[in-house]
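Dear colleague,

Please find below the structure that I promised to pass on to you, followed by some notes on what was found in it.

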Amino acid sequence: MESGIKQLLKDLTKMGVSVEQWRMRIGLFTGAKLIGGKCYSPSYQSTLLSVLLGNVVMIMALLLVVSKINHVDPTLVTPDFLYCKQTIFRSVFILLLLKRVLCHYDISTWNLMATLAAASVISSLLTIGNIETNPGPYPCQLCSMVPETIASSVRHQHSHSMNSNFLYYCPSLECKFTTSSFGSMNNHVSQYHRKTKHQEHLAGPDTPHYFCCVPDCSKSASSTWDIVQHYYQHLKSEVPIPKCPVPDCKFKHPFTKVANLRVHMSQTHSGWLDEGCVKKRKLSNESVTFNSVPSSCPSTSTVEDEVMDSGNMEESEAVPEAELNEDPQILNDELVMDCIAKFYLRLYGKFFLPYNVIQEISEGIALLSSITHSRIKLLLTEELKKLKVEEKDINLIKYKIMCSDLLYASHSKDIPGPTLTSDFLRKRYFQKNFNFKPPTEVRLDMSSGRTNKKFQYVPVRETLETVLEDPTVQKEIDISFQPLRGRQDGIMSNYTDGQQFKSENHPRKEIQVFLFQDGFNPVLNVLGSAKNKYKDLAVYFTIANLNPSLRSKVSSKHLVMIIRESVIKSVGINKCFQKLRDDLADLERNGIMLKSENIKVVVEYGIGDNLGQHFIGGFVQSFSGTYCCRFCNVKRKIYKRNPTVTCSLRTRDSYRRCVFRSRLLGKPYHGIKEDSIFNTLKYFHSATHLVPCCAHDILEGVISWDLSGIIASLVKSKFFSYNLLNRRIKNFRCSGADAPNKPACVNVKGQKLGGHAVQNWTLLRILPFIIGDFYLQ
């Protein structure tokens, strides 16, 4: 039976059948009875019995509909009708497949499965008959809430938006659109899932005519909506629109983007969307209709959608406020408090606001809430006195209303319950409810009471224990434990494909981590002697077992420690990193619990810029010395004469001999000045595990210098000028992941590109599209 069902699901997937939607239909109609287009939940047995009795009639009706469905009046064919036709054909095939799978089982099993298939057909017939015009429900993917409409599902998702890296998803099962913006999702629902049909106005003596103002275009329309839709096609073809399509509009500037025209129409000419709509009876708020299958629905949000979020509320508002249903989450005090606390957590962790700025925001919210509540109390008292309510009851009512407003209660110490009025109270709430691991201060100089020789440290074990509770991380680690983890075809796609990793004979079940280090200056625009005064060194780690697509995200990097570089120079690297090394050694010996199993944790590689890598590995930190490479023993003079020269690579034994010689001589020997404290770990060693960083070495190094020289050569050859190139870079429209990393303008006098690593990478990829026409000419 189980193998037959699995084969059935494979067949459905090959056919393109939406198995999840079919399964949801089965779950909905098997345990419920349809009364007036709504679902009520009586006893399961009576419902199943009634459907079983009508099973034969239902299948006969199904075959009748299928035989006649191709002879329908064309005027009745709508997107809903076509969708239901497709669903009915799928249901017939499902029925036949079920019969094939269950042919060796008793008649009761066949009746049950046939009933489930018939339930899917009932749903389609209800949609054709306009009984169920809004096929739902739409269960939330993050909790047990089951909104009944697409719009209510989007509004429900808004309550989860405070979660880290949250993405809104379109509730329609056959739509793959996702976005990080609530306004963009509202606009998507309004544009692709609302059933608003327009029709051409019949030409008459009083019918206004709109003529396309684009040169060489003779298109005319009888409504504003029609001419705007026509203008959209011009704008998508990069043909500008000289003026607004509405006569006598004072806005005389041209439109170059669809978003610009759409925002202008919604802000300046309200109601233009209703012009040309088919007149229908007014629907109640609960029965606003949406399409479940859009005709052309994008899969991700675009930059244009983000632009439309501002000022396009009239079009993007999917459903009136009156449709708000009773979401049980708004009645749960703990969930509401978590939502308020996550708002502050985003200010700390995502927008990096200083605690004094966040405190100002908190005090401002408290002040505004207090003023609003004072007005509510005054008006409430007056109205209740008119109703001759006793003073004691009035005070009780006012107190309960004040306590029910958790935004006010969380910013007031007069209301019982948790408060978020100070930095200390907020972080205590984070620690108690969100597994927040605050950094601890480690003092390096215990001789004096007050000293600057200290650093902030986040225990690695505590962070790992919290991260490993995530089911997604557990799933990725379980996948990495499978045999044949590395590729066998000689292609390098992950660190597990390298000879270094394969030669170390790691056990199958092991958690590997990468250590990152990089220096930064927390004080912006520092000049003069104070430039390096506040420079810090930050150390992070990431779980290497994750898929590279997940491992490369910023959210997978976890902070370990932050320390001033001046403290390291005065105290010494070994003393500063002693606590981190001890924690890593403890994880190697004792491991960590993962799903009731003890798994060892090891450091696999260290990553960072060259200066930091030399600092961690005990190498000289001057690249103008004789031995400036941490990978081999090549001399700088030989390398400058012949950059392709090869030399013997450093090994653990050669590194150990150089450390011994440097101690005897009291100075660096062959580029090594001291032993690294991390070389005592099981696998890690400075000679073999301090890998190069492509961001620093390639994107901010080779590409930054060489591509700048190539551009300078093209400018010198008069292919184009710097001004023309920079103008094209500014006007080039980057979308998707490239949008926040648009290339920086090329410096005319600089020898390097002016952008950071990802900006240089983006410029390298799109440069042929920017200047390719000059080469062709």
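**Notes on the model**

H670 lies in the loop between helix 27 (652–665) and helix 28 (694–716), where helices (H or I, at least four residues) and strands (E, at least two) are DSSP runs numbered from the N terminus. Before going further, please keep in mind that this is a predicted model, in which local features need pLDDT of at least 70 and side-chain atom pairs count only at pLDDT 80 or more, while totals for chains, interfaces and linings use all residues. Residues are numbered from 1 along each chain as its sequence is written, and side-chain values use heavy atoms, with hydrogens and water left out.

To return to H670, its phi is near 55 degrees, a positive value in a residue other than glycine, and at 26% relative accessibility H670 counts as partly exposed (buried means under 20% relative accessible area, exposed over 50%, and partly exposed in between, with a 1.4 Å probe and protein chains only). N435, also not a glycine, has a positive phi of about 55 degrees; N435 sits in the loop between helix 17 and strand 7 (440–443) and is partly exposed, with a relative accessible area of 40%. As background, most residues other than glycine have a negative phi.

For the protein as a whole, there are 30 helices and 14 strands, and buried residues make up 40% of the 777 residues. Of the contacts (heavy atoms within 4.5 Å) with a separation of 6 or more, 60% are between residues 24 or more positions apart. The accessible surface comes to about 44900 Å², of which 57% belongs to carbon and sulfur atoms, the areas coming from the Shrake-Rupley method with a 1.4 Å probe.

Two helix pairs deserve a look. Helix 13 (residues 333–349) and helix 17 (residues 423–433) pack at an angle of about 115 degrees, with their axes 10 Å apart; axes are lines fitted to C-alpha atoms, for helices over the stretch in contact, and angles run from 0 to 180 degrees between N-to-C directions.

The axes of helix 14 (residues 355–386) and helix 15 (residues 391–404) come within 10 Å and cross at roughly 145 degrees. Among the residues that meet there are I376, L380 and L384 in helix 14 and I394, I397 and I401 in helix 15.

The UniProt annotation "domain: C2H2-type", from an unreviewed entry, covers residues 138–160, 168–193, 210–234 and 242–269. The end C-alpha atoms of residues 138–160 lie 15 Å apart, whereas those of residues 242–269 lie 17 Å apart. R155 is in helix 7 (residues 150–158) and is partly exposed, with a relative accessible area of 22%; the C-alpha atoms of R155 and F182 are separated by 8.6 Å. Eight of the 11 residues of helix 10 (residues 258–268) are buried, so helix 10 is largely enclosed by the rest of the structure; V258, L261 and R262 are among the buried ones.

With best wishes

Conventions
UniProt positions renumbered as here; feature names shortened; annotations may be inferred.
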